Amino acid sequence: MKKILFLILFACSLSLCAKQKIAVVDMQKVFSGYDKTKALELKMNEQIKVYQEYAAKLLQEYRAIESECKRLRDDSMNLTLSEAERESRKRSFLSKTEELKRKEQEINEYNRSRQKLLKEQFDKKRAEVVAEIRQVVSNKCMLEGWTMALDKSGITLNDLPIVIYNDSSADITQSVLDDLNRAYRTGKKEKSE
């Protein structure tokens, strides 16, 4: 009885699988090859460069204060100066030390806030691009009669690809990428006109 039930279930599953038309897409290749992704990366790199230039300016200010701080510390211990002068330099040194700490906090806060802002912007833009890619994949699958699309760029916990084998005719990666880039370039031309 169990054998008969197993054979019936096996036959049913084979007929269901036969009706399935599964496409595969290399989402990593599509994402990295999409012109919009490249344009966003350029824009993000420009922003990073601006932030780095300002961070370098802050660091230069920090080093100038640090240098002044060292000079004042050395002067406060200089025995050739009068006691009153050394005491004055010591107070200046302590004041400069506080300024140095504030500048260090400013640098740390600036770096932390910029990193957070860049990450938020990147995550938002990445989500938009992924949504566009998914929409194009969905549309292509509906138009061409695919019942499912799998991402072949993923890796399992065993470091194996999710899709171990697929017939090249089921791979819609290049056509998805072509559709995305064509639509992006057309949209870009319309905006510039």
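Reader: Over the ring of which residue does the charged end of Arg-126 sit?
Author: This is a predicted model, in which local features need pLDDT of at least 70 and side-chain atom pairs count only at pLDDT 80 or more, while totals for chains, interfaces and linings use all residues. Residues are numbered from 1 along each chain as its sequence is written, and side-chain values use heavy atoms, with hydrogens and water left out. A charge sits over a ring if NZ of Lys or CZ of Arg is within 6 Å of the ring centre and within 35 degrees of the ring normal. For Arg-126, the charged end is 5.0 Å from the centre of the ring it sits over, and that ring belongs to Phe-31.

Reader: What kind of aromatic pair do Tyr-34 and Tyr-184 form?
Author: Rings of Phe, Tyr and Trp (its six-membered ring) pair if their centres lie within 6.5 Å, and planes under 30 degrees apart count as stacked, over 60 as edge-to-face and the rest as tilted. By this rule there are two aromatic pairs. In the pair of Tyr-34 and Tyr-184, the centres are 6.0 Å apart and the planes are at 75°, so the pair is edge-to-face.

Reader: How many residues apart in the chain are Tyr-34 and Tyr-184?
Author: Helices (H or I, at least four residues) and strands (E, at least two) are DSSP runs, numbered from the N terminus. Tyr-34 is in the loop between helix H2 (27-33) and helix H3 (35-76), whereas Tyr-184 is in helix H5 (residues 173-192). The pair thus links distant parts of the chain, and its separation in residues is 150.

Reader: Why does Tyr-34 count as buried?
Author: Buried means under 20% relative accessible area, exposed over 50% and partly exposed in between (1.4 Å probe, protein chains only). Tyr-184 counts as buried because its relative accessibility is 19%, and Tyr-34 counts as buried because its relative accessibility is 3%.
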